[in-house]
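Colleague: Got the model open. Can you walk me through it?

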Amino acid sequence: MHLHAVPGRMPAPPSEPAETLRQLIAEGVTWGDSTAWLPQLPPKSVDLFFTSPPYADQRAYSRIHPDRYVEWFLPYARAMYDATSDTGSLVINIKNRVAKSGPLRGQRHPYVFQLVLALQNMGWRWVEEYIWQKPNAIPGKFGPRTKDAFEHVFHFARGQKPYFDLDAVRVPYKTTADEIARRKLDTNGRRTTEAGFGRDRVTTYRHGGADPGNVIAVSQTYNQHRGVAHTAPMPEGLAEFFIKALSPEGGVVIDPFAGGGTTSVVARRHGRQAGGVELHEEFAIEARRRIAADIADDIPGHAVGFSA
């Protein structure tokens, strides 16, 4: 796809912050530059920024050298911090790179971890690191290493008590129904053993599902043949997990690197007010078409064991 990212032609955000947010939500994905749109958002107006920014030195449409990645990303992070509510969060899906040049050539470049430290220094609270496990990771030639089968997903919060709904992302128990019924009759609660404190079996099975943990298995999505034309499509299962866990129904979800519009499609499907900004006009047009049609991913794009 030939891309047209011509800053001079891009629509500028409205002068009024409230109108900026209204337009983003109304359009779903807006063609524009996030360096212009994010600072125009009303302070503390966003419940969740969920995004997968261009990885360092990865895509032909956005080359960012890993040595300069942190410097490139920080203005976006600053603007998102100002626009995030006190209970709001920022979730970043990002991937390691092997350096192609310089003194680290052939080694894993630490730009991902340098970014985490920089965001903490900015004031973002690093809540958790999740691992996106890709059961169908693409095979290939990777030198003296196996194929990439996971990516990082970092959760940052603005305040000390971010919104978090564990019940929204619970997974089915692996224990059999008979065993669950038996354990519910246990009235002895937590038991101390020589190894320490054991689980409280009285309450473990009263939640309707198990804690999914911080390793999320979601197959990569290959959906260009279904009309999702972006070359780096986000699987809906990954977006769904974080949108349901970290934003309330009716809350505001924004993706500053909207790409094919997955964040907006999934967030709207689950009752959130969602919008995004996309630098390339063709992708923005395609994303709005996808939002209008609510095109679902391939079935493998949904999280393994995750109840919708």
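Modeller: One term before the helix you will ask about: the expected span of a helix is 1.5 Å times one less than its number of residues. Helices (H or I, at least four residues) and strands (E, at least two) are DSSP runs, numbered from the N terminus. This is a predicted model: local features need pLDDT of at least 70, side-chain atom pairs count only at pLDDT 80 or more, and totals for chains, interfaces and linings use all residues. Residues are numbered from 1 along each chain as its sequence is written, and side-chain values use heavy atoms, with hydrogens and water left out.

Colleague: OK, how many residues does helix α8 have, and how far does it reach?

Modeller: Helix α8 covers residues 281-293, so 13 residues by the DSSP run. From first C-alpha to last it reaches 19 Å, close to the 18 Å expected at 1.5 Å a residue.

Colleague: Which residues of α8 are buried?

Modeller: E282, F283, A284, E286, A287, R290 and I291. Buried means under 20% relative accessible area, exposed over 50%, partly exposed in between (1.4 Å probe, protein chains only).

Colleague: What do they pack against?

Modeller: The buried residues of α8 pack against α1 (17-27), β1 (30-31), α6, α7 and β12. Contact here means heavy atoms within 4.5 Å.

Colleague: And what follows α8?

Modeller: D294, with a positive phi near 50°.

Colleague: Switching to strands. Which residues of β11 sit on which side?

Modeller: In β11 (residues 252-255), V252 and I254 are on one side, V253 and D255 on the other. All four are buried, and both faces of the strand are covered. In a regular strand the side chains alternate between the two faces of the sheet.

Colleague: Which strands pair with β11, parallel or antiparallel?

Modeller: Strand β2 (residues 46-51) pairs with β11 in the parallel sense over two bridges. Strand β12 (residues 273-278) also pairs with β11 in the parallel sense, over four bridges. The rule for pairing is at least two DSSP bridges between the strands. I254 stands opposite F49 and also opposite G275 in β12. From β11 the chain crosses through helix α7 (residues 262-269) to β12, a right-handed β-α-β crossover. Right-handed means that, with the strands pointing away from the viewer, the path from the first strand over the helix to the second runs clockwise.

Colleague: Now charges. How many salt bridges?

Modeller: The count is 13, taking a side-chain nitrogen of Lys or Arg within 4 Å of a carboxyl oxygen of Asp or Glu. One of them joins E236 and R269 at 2.8 Å, N to O. That pair links distant parts of the chain: E236 is in helix α6 (residues 236-246), R269 in helix α7, 33 residues apart.

Colleague: Are those two buried or exposed?

Modeller: E236 is buried at 0% relative accessible area, while R269 is partly exposed at 34%.

Colleague: Which residue does E179 bridge to?

Modeller: R182, with the closest N and O atoms 2.7 Å apart. Both lie in helix α5 (residues 177-184), three residues apart, about one turn of the helix.

Colleague: Last topic, the nonpolar core. Which residues touch the most other members?

Modeller: F49, F73 and I94, in the largest core, which has 36 residues. α3 (69-83) gives the most to this core, with nine residues. A core is a set of buried Ala, Val, Leu, Ile, Met, Phe, Trp, Tyr and Cys residues joined through side-chain atoms within 4.5 Å. A second, separate core of 21 residues includes F50, V218, M234 and V253.
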